[in-house]
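Open the structure and keep the sequence beside it. This report takes a few features in turn.

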Amino acid sequence: MGLLAMHMTMHILLMNLLAPLAAIATLRYGRERRQTTPGALGLATLAQLAALWGWHAPPLLDRAHESPAIHILMYASLFLTAFLFWRLVFRSNGEARWRPIVALLITSKFYCLLAVLFVFAPRVLYPNVAGAHSGHSAEALSATLADQQLAGLLMLAVCPATYVIAGIAICARWLFAMETGEAHQRPKTGGEAWT
């Protein structure tokens, strides 16, 4: 696994595993269960996508690989935007459960788009990352292209699945809530109690 694939693995762990788990933990142990506003979820979605796409712009990613402080800043901003996104997704309830489903679908599409760019780009998108570690030889660029494609494949395999599974779970809970809500609204007859 090369530098870009390791980099992408860290992003996947931060944004698709640690951030959702941290969001669930804060909701579980926090007392706050307010409804999220549509604007907050929309802004969190945009912030997460802007952080992801922004940090993967070649000049910024090259700079992050040159400077440990910028590298830490990149990881922190990716985690924080993902944490905020997941927290708002998991806080949505009631009739507004369609909003996080739409946010999850939009996010997964933009993740897939970035991943497809990594996989199908005809050239190395980050030649300075390759050059900083192996020189600008044809062999180094070829290895970096393969590494870039592996990074994209990792994204294609994991990221959309995370968002689709979360969307399915929210849909299932929503359907269950609608079913039980209907049961509460329908009065029982023949001596049966309200459920």
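Buried means under 20% relative accessible area, exposed means over 50%, and partly exposed lies in between (1.4 Å probe, protein chains only). This is a predicted model: local features need pLDDT of at least 70, side-chain atom pairs count only at pLDDT 80 or more, and totals for chains, interfaces and linings use all residues. Residues are numbered from 1 along each chain as its sequence is written, and side-chain values use heavy atoms, with hydrogens and water left out.

Start with Thr-81, which sits in helix H4. Helices here are DSSP runs (H or I, at least four residues), numbered from the N terminus. Is Thr-81 buried or exposed? Thr-81 counts as buried because its relative accessibility is 16%.

| Residue | Relative accessibility | Class |
|---|---|---|
| Thr-81 | 16% | buried |
| Ile-24 | 34% | partly exposed |
| Arg-63 | 41% | partly exposed |
| Glu-66 | 54% | exposed |

Thr-81 and Leu-46 are 35 residues apart along the chain. Their C-alpha atoms are separated by 9.2 Å.

Now turn to Arg-63 and Glu-66. Their side chains meet in a salt bridge, 3.5 Å from N to O. A salt bridge needs a side-chain nitrogen of Lys or Arg within 4 Å of a carboxyl oxygen of Asp or Glu. How many salt bridges does a search of the whole structure find? It finds 1. Arg-63 and Glu-66 are 3 residues apart in helix H3 (residues 58-66), so about one helical turn separates them. An α-helix has 3.6 residues a turn, so residues three or four places apart point the same way.

Next comes the largest pocket. About 430 Å³ of space lies in it. Of its 21 lining residues, the closest to the centre are Ile-24, Val-89, Phe-90, Ile-170 and Arg-173. A pocket is an open set of points on a 1 Å grid over the protein atoms alone, with protein on both sides within 12 Å along at least five of seven lines; a 1.4 Å probe fits at the points, and lining residues have an atom within 4 Å of one. The volume is the space filled by probe spheres set on those points, joined across faces, edges and corners. H1 gives the largest share of the lining, 7 residues. Ile-24 belongs to helix H1 (residues 3-29).

Last, look at helix H5 (residues 98-120). Its 23 residues should span 33 Å at 1.5 Å a residue, and its end C-alpha atoms are 33 Å apart, which agrees. The expected span is 1.5 Å times one less than the number of residues. Buried residues of H5 include Pro-100, Leu-104, Tyr-111 and Phe-118.

Key. Helices (H or I, at least four residues) and strands (E, at least two) are DSSP runs, numbered from the N terminus.
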